[in-house]
Amino acid sequence: MIAWKRCTRMAASTKSPAHRDAAVGAPLPHDSAHLHVTGRASYTDDLPEPRRLLHLAVGMSTVPHARLAAIDLSEVRSSPGVVDVCLADDITGENNCGPIVADDPIFAVDEVMYAGQSIFAVAALTVDAARKAARRAKIEYDELDAILDPLTAVDRKSFVLPSETMVRGDPKAALAAAPHRVSRRIYVGGQDQFYLEGHVAMAIPQDDNCLLIYSSTQHPDEVQALVAHATNRRASDVTVICRRMGGAFGGKESQAALIACVAAVASDKTRRPCKLRLDRDDDMIMTGKRHDFVIDYDVGFDDTGRILGIDFEMASRCGMSADLSGPVNDRAMFSCDNAYFLENVRILSHRCKTNTVSNTAFRGFGGPQGMFGIEYAIEDIARQLGKDPLDVRRRNFYGKTDRNVTHYQQTVEDNIIDEIFDQLLASSDYESRRAEISAFNKNSAILKRGIAITPVKFGISFTNTLLNQAGALVHVYKDGTVQLNHGGTEMGQGLYIKVAQVVADEFQIDLERIRIMATDTCKVPNASATAASSGADMNGMAAKKAAGKIRRRMTEFAARHFSVPEADIEWKNNGVRAGDTELSFTEFVQLAWANRVPLSATGFYKTPKINYDRSTFSGRPFFYFAYGAAVTEVVVDTLTGENRTLRVDILHDCGRSLNPAVDLGQIEGGYVQGLGWLTTEELVWNDRGQLATHAPSTYKIPTCSDLAPDFRVEIMQSVANTEDTIYRSKAVGEPPLMLALSAFHAIRDAIASDTNPMPDLRAPATPESILNALGTDAA
């Protein structure tokens with residue numbers, strides 16, 4: 001049985017029929033829930049297909065690094081149903097889909113850099129015809145030496161971007177003087193986003209050389225810009241629309257541009273609508289994933305476990321191009337403290353160029369890998385000193401008035417990690433369970449149980465300051481209904497319903513009056529990606545400002561019209577009271593319209609206080625921090641390496657939650673996705689540089705049966721955000737994923753022994769990884 005704690009609404013019987021519940025803070029269902037469960041939610045591939053639509057398939061490289069000696073597409077062109085073929089020469093603009101650095105071609109020219117790189121596209125009358133034809137290409141390669149792992153890249157100084165170093169204090173001297181010291185090399189794997197809806201885009205020619213793109217993307221603005229560059233158009237000639245995605249997790253932030261650009265190039269060449277939908281195998285082979293890291297650390301500490309100095313050297317597999325690897329690796333550097341004060345620290349970050357797919361954003365965006373390193377070090381410190389890792393963690397937590405400045409010089413002003421630990425330790429019965437587990441393990445030769453508690457402190461904002469902006473467009477119609485547009489995208493995370501709740505409360509109307517519109521670049525321009533956990537923070541505030549403008553106009557009008565002070569205008573219960581006059585919202589809107597009051601407005605928000613100098617890695621990159629902690633208990637079969645999660649206790653900080661039901665779902669889902677990253681989801685490349693795990697038959701995401709039978713999740717109550725966010729809420733998209741670090745360390749706790757107190761466990765902790773960590777103990 002799964003146990004959890006949820007917030008509940010006030011019983012209906014306690015309110016009068018005319019009373020309207022506040023929308024913000026209510027645990028309301030997802031706006032598309034009724035469509036999801038009935039199969040009526042339309043995704044990009046479900047949209048009506050225009051006449052003369054062509055379906056596309058991509059021809060990919062089969063080798064990781066080679067010169068293209070010859071490309072024979074004659075059999076492709078002659079295949080049944082094929083209408084045309086597109087190559088790099090057919091691109092009228094720029095052959096690039098790299099979001100930051102122009103180093104990622106739409107179609108390869110002269111040289112291929114990874115197995116799976118796009119070389120050409122086929123346009124055919126059906127999906128099957130296109131995919132079958134693409135496999136008939138005859139390509140001759142002059143193979144070149146390939147770099148397939150980050151350590152080889154470091155040895156050969158192969159980098160997509162220069163290595164970066166961040167230093168605070170004198171770590172070298174602190175390490176030399178430390179009474180205790182531990183050093184280790186650790187490995188943490190990557191992760192495929194494995195969204196339910198794969199990548200898809202449809203390009204439709206419009207009047208006067210304009211182009212309409214339907215794209216499954218987290219970043220319509222970027223798709224618009226890159227399609228415009230690829231097709232030699234202006235941004236104003238390209239419209240990108242996304243109503244919803246069937247999951248994204250960062251995998252559709254930059255990667256969607258390639259799919260849209262291929263569709264656009266083919267549409268231009270054929271003068272027909274074109275759609276590209278990748279099947280699961282091609283999607284996993286072609287598109288980027290979470291970066292895998294190799295991390296070396298050397299940590300010095302005192303008798304109590306307090307860290308005196310630490311040195312990190314990180315090497316991440318970035319793949320063949322830069323993509324988003326710069327900011328991902330920067331975030332890993334920021335996050336290598338997690339919740340701990342590091343007085344003397346050096347972080348060296350290598351952004352390794354390998355002949356594998358270019359890795360990209362994934363929920364946490366480098367933060368999980370940085371936290372993985374420090375949590376491993378904390379565990380090693382505890383085991384060397386014979387202490388409970390809990391005590392070492394608490395010994396190193398950030399303080400409130402001292403020891404409260406990060407290694408990038410941001411003061412931690414909202415620290416509640418001690419309060420979270422206090423509450424979670426009590427509710428989870430951590431100490432008594434640890435004693436019980438110790439007794440169990442003494443009497444069990446094969447099955448071993450383990451338990452761990454780990455914290456999360458995660459900074460909220462784009463580290464690139466200019467991206468912290470959002471826009472919204474709100475219309476009020478004569479019948480008293482509202483249309484809501486903003487730049488955020490919906491990928492199942494509940495952004496749309498949260499923003500609608502904000503607008504409903506601004507107008508004091510029921511949610512049923514609000515129509516949430518698809519994200520559309522012709523409605524809200526220049527929008528940042530829906531990423532960095534900032535979607536509700538920024539778009540919610542922009543929408544509130546837009547609705548607030550309309551409300552102020554209407555309030556000013558009512559004061560004049562009814563000759564009452566503005567202070568006597570009251571908005572409540574789907575209506576307005578102006579002195580002794582009461583009107584329904586619809587009546588008030590019609591009156592305002594009849595008196596020529598503008599009922600449409602834009603809203604704009606830019607995150608305050610943040611400032612960051614990347615040249616010195618210092619400043620305030622984050623508006624605030626989100627906190628949480630988890631206790632996980634596991635059992636491991638030491639003969640097979642199989643393991644099960646037995647119980648999970650989570651306490652997470654959402655500030656004043658905009659929607660506790662949605663936030664609870666994000667916490668639960670984030671933890672389970674993190675559990676997959678750290679225990680089951682293994683990416684394997686063979687010695688030919690080909691991804692071997694490119695389908696659910698070989699790549700194992702967690703299923704319902706992997707969920708702990710006792711799964712308890714609670715949102716921290718009565719702790720408002722100290723910063724002036726939307727209704728003092730906090731972001732909840734990414735931070736919960738790192739709660740699953742407790743599961744990994746619970747496994748490591750289970751397999752530790754007197755002869756092997758610090759097992760060398762790699763992530764993901766698959767049965768094979770566990771058996772390798774057990775070493776001779778496995779016998």
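A polar contact is taken here as a pair of N or O atoms within 3.5 Å; within protein, one atom must be able to donate a hydrogen and the other to accept it, and residues adjacent in sequence count only if both atoms are side-chain atoms. The structure is a predicted model, in which local features need pLDDT of at least 70 and side-chain atom pairs count only at pLDDT 80 or more, while totals for chains, interfaces and linings use all residues. Residues are numbered from 1 along each chain as its sequence is written, and side-chain values use heavy atoms, with hydrogens and water left out.

The side chain of Gln191 reaches the backbone oxygen of Gln673 at 3.1 Å. Gln191 sits in the loop between strand E8 (180–188) and strand E9 (200–205); helices (H or I, at least four residues) and strands (E, at least two) are DSSP runs, numbered from the N terminus. Gln191 counts as buried because its relative accessibility is 0%, where buried means under 20% relative accessible area, exposed over 50%, and partly exposed in between (1.4 Å probe, protein chains only). With contact meaning heavy atoms within 4.5 Å, and residues up to four places away in sequence not counted, Gln191 touches Lys289, Arg290, Phe362, Gln673, Gly676, Trp677, Glu681, Leu683 and Tyr699. Gln191 and Leu678 are 487 residues apart in sequence, yet their C-alpha atoms are 9.1 Å apart in space.

Ala470 belongs to strand E17 (residues 469–476) and is buried, with a relative accessible area of 6%. Neighbours within four places in sequence aside, Ala470 is in contact with Met538, Asn539, Ala542, Gly603, Phe604 and Tyr605.

Two further loop residues follow. Asp292 is located between helix H8 (280–286) and strand E13 (293–301), and counts as buried at 13% relative accessibility. A polar contact of 2.8 Å joins the side chain of Asp292 to the side chain of Arg317. The contacts of Asp292, leaving aside neighbours within four places in sequence, include Pro150, Val188, Gly189, Gly190 and Asn359. Ser61, in the loop between strand E1 (54–60) and E2, counts as buried at 5% relative accessibility. Beyond neighbours within four places in sequence, Ser61 is in contact with Val112, Tyr114, Ala115, Gly116, Gln117, Ile119 and Tyr141.

Next come the strands. An open sheet is formed by 3 strands in the order E4-E2-E6, with antiparallel pairing; two strands pair if DSSP finds at least two bridges between them. Strand E4 (111–112) and strand E6 (138–143) stand at the edges, each with a single partner strand, so one side of each has no neighbour in the sheet. Strand E2 (residues 66–72) pairs with E6 over 6 bridges in the antiparallel sense, and Ala66 stands opposite Glu143 in E6.

Strand E21 (residues 569–572) has Ile569 and Trp571 on its covered face, with Glu570 and Lys572 on the uncovered one. Trp571 has Val576 as its bridge partner in E22. The hairpin has 2 residues between the strands, and Asn573 takes a positive phi near 50 degrees.

Grid points are joined across faces, edges and corners, and a volume is the space filled by probe spheres set on the points. The whole structure holds 10 cavities of 30 Å³ or more. The largest cavity has about 160 Å³ of space. Its lining has 17 residues, of which Cys97, Asp104, Gln255, Leu258 and Met286 are the closest to its centre.

The second largest pocket has a volume of about 810 Å³. Its lining comprises 37 residues, with Ile100, Leu324, Pro327, Asn464 and Leu467 nearest the centre. Helix H6 (220–231) and helix H9 (325–335) each supply at least two lining residues, and the largest share, 5 residues, comes from H6.

Definitions and conventions. 1 Å grid on protein atoms, 1.4 Å probe; cavity = no way out; pocket = protein on both sides within 12 Å on 5 of 7 lines; lining within 4 Å.
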